[in-house]
Amino acid sequence: MAIIGTTQFLERIQFFNGERLFASDLQALEAFNREMRWLHNQSLHQPGVGSGFAVLGNVGDRQVTIAPGYALDAHGEEIILTQSLALPIPPVADNGSGGSVFYDLTVSYPQDSDLKPTETRVGICNCPPQGVVRLREEPVFCWVRLNDNPTNRQPVDARLKTLIRTGMFIVLAQVEIFNCQLRRPVSTAQQRSARPPKSPYVASGLATKVQWTAEFNGMTTADAFGGRIGAPYQATIDTSSGGFQANPAYIARLVGSRVDAGMNQPVLLIDGMINVPAASVSPTSFILEVFRFVAQLDGSGGAPPSLPPPTWDVAWLGVEG
């Protein structure tokens, strides 16, 4: 980026009434705004496709169709295709051994030397008599030949490989060619998004005043480690505050006292094993099952008293992506 590391100060361009302007003044203003935009792109995005740039081609085709799109390279320079484009595939028969030939289709930002003048105007004096006032920016497409290693296809040309690796050439698609035709439909799995990855997305919360319901009328079901495991209670935990877009993996824990020193004698230790049924998971909620177990702290044993529903709160954490 030309601004960062090469410029000691940023200078905001100003004008005043009666100032004599030169082309260089206006060029400097345009360049300043463009480089600030590139700096924004470079800082907040990554090289890749922002939108569009779909590439279509079926078996037997001799060309691919590229849809309009927007992409960014590693310098933050905008690569824009405004209209659909039909691009011939490389006219190769095979790889020299009777096999298919593989290519990556890449797109890059045009260099100044690639820009074509589209409008010139006559000056008001002869210094010079006319000049270019519009240059057409068109993305540069390039077919990059890949090696024949089926497990690790890499560009054969080291220079092109470096340009792809450094994000100056953006890969749009990969094709397999045999007898100058597509042997398979175009693959776009190689495209990389310019948007920073959003996953994994993590959110958490605390559910209070949880409404627990007994699934089997509160019956005691089994003994374990000198205590008794109660029938499961269930509660639906609202996680809509997390803003998940897909089903996350939930982790939950019970929040509250485990010792019942109230009306029960002897004092009881009450805890629970929890389970989140996979079928209950959604982006906005999950069902938490609690299997309570009860132990008497004096070790006297015997059947525990009838217990009311749990009063625990639930702390939860969801991981999406």
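Start by selecting Arg 34, which counts as partly exposed at 24% relative accessibility; the classes are buried under 20% relative accessible area, exposed over 50% and partly exposed in between, with a 1.4 Å probe and protein chains only. The model is predicted, so local features need pLDDT of at least 70 and side-chain atom pairs count only at pLDDT 80 or more, while totals for chains, interfaces and linings use all residues. Residues are numbered from 1 along each chain as its sequence is written, and side-chain values use heavy atoms, with hydrogens and water left out.

**Helix H1**

Glu 30 and Arg 34 are four residues apart in helix H1, so about one helical turn separates them. Glu 30 is partly exposed, with a relative accessible area of 40%.

Now show the whole of H1, residues 23-44. Helices (H or I, at least four residues) and strands (E, at least two) are DSSP runs, numbered from the N terminus. H1 has 22 residues and reaches 32 Å from its first C-alpha to its last, close to the 32 Å expected at 1.5 Å a residue; the expected span is 1.5 Å times one less than the number of residues. Color Trp 38, Leu 39 and Asn 41, which are buried in H1. These residues lie on the same side of H1 because they cover an arc of only 160 degrees around the axis, the arc being that of the directions from the helix axis to the C-beta atoms. S4 and S5 are among what covers the buried residues of H1.

**From H1 to S5**

Next, select Arg 37 and Glu 78. They form a salt bridge whose closest N and O atoms are 2.5 Å apart. This pair links distant parts of the chain, with Arg 37 in helix H1 and Glu 78 in strand S5, 41 residues apart. Arg 37 is partly exposed, at a relative accessible area of 41%, whereas Glu 78 is buried, at 9%.

Move to Glu 77, in the loop between strand S4 (69-72) and strand S5 (78-81). Leaving aside neighbours within four places in sequence, Glu 77 is in contact with Trp 38, Ala 71, Leu 72, Tyr 109 and Met 168, contact meaning heavy atoms within 4.5 Å.

**The three-stranded sheet**

Show S2, S3 and S6. They make an open sheet of three strands in the order S2-S3-S6, with antiparallel pairing. The edge strands, each pairing on one side only, are S2 (55-56) and S6 (85-88). Two strands pair if DSSP finds at least two bridges between them.

Two bridges join S2 to S3 (residues 63-66). Select Val 55, whose bridge partner in S3 is Ile 66, then Leu 56, which stands opposite Thr 65. S2 and S3 form a hairpin with six residues between them, and Gly 60 in the turn has a positive phi of about 95 degrees. On the other pairing, S3 and S6 are joined over four bridges; in S6, Ala 86 is the bridge partner of Thr 65. The covered face of S3 holds Val 64 and Ile 66, and the uncovered face Gln 63 and Thr 65.

**Loop residues**

Select Phe 53, in the loop between strand S1 (48-52) and S2. Phi of Phe 53 is near 60 degrees, a positive value in a residue other than glycine. Phe 53 counts as buried at 0% relative accessibility.

Ile 89 is in the loop between S6 and strand S7 (101-108) and counts as buried at 6% relative accessibility. Leaving aside neighbours within four places in sequence, its contacts include Val 64, Trp 143 and Cys 180.

Cys 180 has a positive phi, near 65 degrees, and is partly exposed, with a relative accessible area of 23%.

**Last stop**

Select Arg 258 and Asp 271, whose side chains meet in a salt bridge (3.1 Å, N to O). Arg 258 lies in the loop between strand S17 (249-255) and strand S18 (259-260) and Asp 271 in strand S19 (residues 268-275), so the pair ties together parts 13 residues apart in sequence.

Then zoom out. The protein chain has two helices and 21 strands, and buried residues make up 32% of its 321 residues.

Conventions:
A salt bridge is a side-chain nitrogen of Lys or Arg within 4 Å of a carboxyl oxygen of Asp or Glu.
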